[in-house]
Amino acid sequence: MTNDTTLFLGQWIRSPGTVGAVAPSSRRLAETVTTPVPHRGDPVVVELGPGTGAFTAEIQRRLGGRGHHMAVEINPRLAEFLSARHPKVDVVVEDAARLPQLLQERGFHRADAVVSGLPWAAFSEETQTRLMDAVVAIMDSNTAFTTFAYSFAKRLPPAQRFRQRLLDTFEEVVVGRTVWGNLPPAFVYHARRPREQVAGQG
């Protein structure tokens with residue numbers, strides 16, 4: 001196994017509730033989930049649950065030194081690994097529920113893109129609510145939110161509940177094609193425009 005996979009698996013064994021996969025995401029999935037990262041200007045990109053950095057590397061490639069890339073990772077071991085590998089990324093060891101405060105501390109109020117690697121379907125309803133409220137609070141009508149889910153689990157109740165939460169939270173939710181080159185196969189949710197009543201709560 002690669003160093004990434006070994007570390008990821010080890011952290012999953014220690015804390016399966018916060019590390020939602022047993023192996024890092026593939027390059028193909030990373031390319032798909034980071035599609036909304038702007039190619040121009042100096043965007044603010046927020047990454048949630050970066051793990052060992054599969055999405056981080058692709059975000060950095062797309063930014064090419066532009067903007068501000070903040071990666072929020074609750075696992076200190078993974079955050080340390082990520083910081084060493086990507087020194088230009090603002091890696092924060094924190095709970096993603098504090099997103100608005102974290103951005104404000106850096107002089108920002110809104111993100112241009114939010115890329116999530118969090119295991120949403122594995123979270124309790126209460127945790128999902130806290131995290132989604134934080135995400136919505138740093139979005140405006142032009143901000144893109146992307147996350148992924150595993151294809152084999154999409155018909156299970158937790159995955160169905162999360163899908164419904166997305167539909168209730170955003171005016172636009174697009175489900176991407178299955179990325180067969182990932183282990184296990186996965187698909188991406190692309191969401192925009194938080195609904196007014198939801199945004200008003202943030």
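I began at the end of helix 3, where Gly 64, just after the helix, takes a positive phi of about 60°. My helices (H or I, at least four residues) and strands (E, at least two) are DSSP runs, numbered from the N terminus.

Housekeeping before going on. This is a predicted model, so I keep in mind that local features need pLDDT of at least 70 and side-chain atom pairs count only at pLDDT 80 or more, while totals for chains, interfaces and linings use all residues. Residues are numbered from 1 along each chain as its sequence is written, and side-chain values use heavy atoms, with hydrogens and water left out.

**Helix 3**

Which residues of helix 3 are buried? I looked through residues 54-63 and noted Phe 55, Thr 56, Glu 58, Ile 59, Arg 62 and Leu 63. Buried here means under 20% relative accessible area, exposed over 50%, and partly exposed in between (1.4 Å probe, protein chains only). Down the axis of helix 3, the buried residues fall within an arc of 170°, so they line one face. That arc is taken from the directions from the helix axis to the C-beta atoms. What do they pack against? I found helix 2, strand 1 (44-48), strand 2 (68-72), helix 4, strand 4 and strand 5. Contact means heavy atoms within 4.5 Å.

**Strand 1**

Next I checked strand 1: 5 of the 5 residues are buried, so the strand is largely enclosed by the rest of the structure. Val 44, Val 46 and Leu 48 point one way, Val 45 and Glu 47 the other. I recalled that side chains in a regular strand alternate between the two faces of the sheet.

For partners, I used the rule that two strands pair if DSSP finds at least two bridges between them. Strand 1 runs parallel to strand 2 over 5 bridges, and Val 45 has His 69 as its bridge partner there. Strand 1 is also parallel to strand 4, with 4 bridges joining them; Val 46 stands opposite Val 114. Strand 1, helix 3 and strand 2 make up a right-handed β-α-β unit. Right-handed means that, with the strands pointing away from the viewer, the path from the first strand over the helix to the second runs clockwise.

**Salt bridges**

I counted a salt bridge when a side-chain nitrogen of Lys or Arg was within 4 Å of a carboxyl oxygen of Asp or Glu. How many are there? I get 11.

I looked at Arg 27 and Glu 31, which meet at 3.3 Å, N to O. Both sit in helix 2 (residues 27-33), 4 residues apart, so about one helical turn separates them. Arg 27 is exposed at 51%, whereas Glu 31 is partly exposed at 33%.

Glu 94 and Arg 98 also form a salt bridge, at 2.7 Å, N to O. Shared partners link Arg 27, Glu 31, Glu 58, Arg 61 and Arg 62 into one network of salt bridges.

Then Arg 106 and Asp 90: the closest N and O atoms of this salt bridge are 2.4 Å apart. Arg 106 lies in the loop between helix 5 (99-105) and strand 4 (113-116) and Asp 90 in strand 3 (residues 90-92), so the pair ties together parts 16 residues apart in sequence. Asp 90 is buried at 19%, and Arg 106 is partly exposed at 27%.

**Ser 151**

Buried or exposed? At 14% relative accessibility, I put Ser 151 down as buried. Leaving aside neighbours within four places in sequence, Ser 151 touches Thr 178, Pro 185, Ala 186 and Phe 187.
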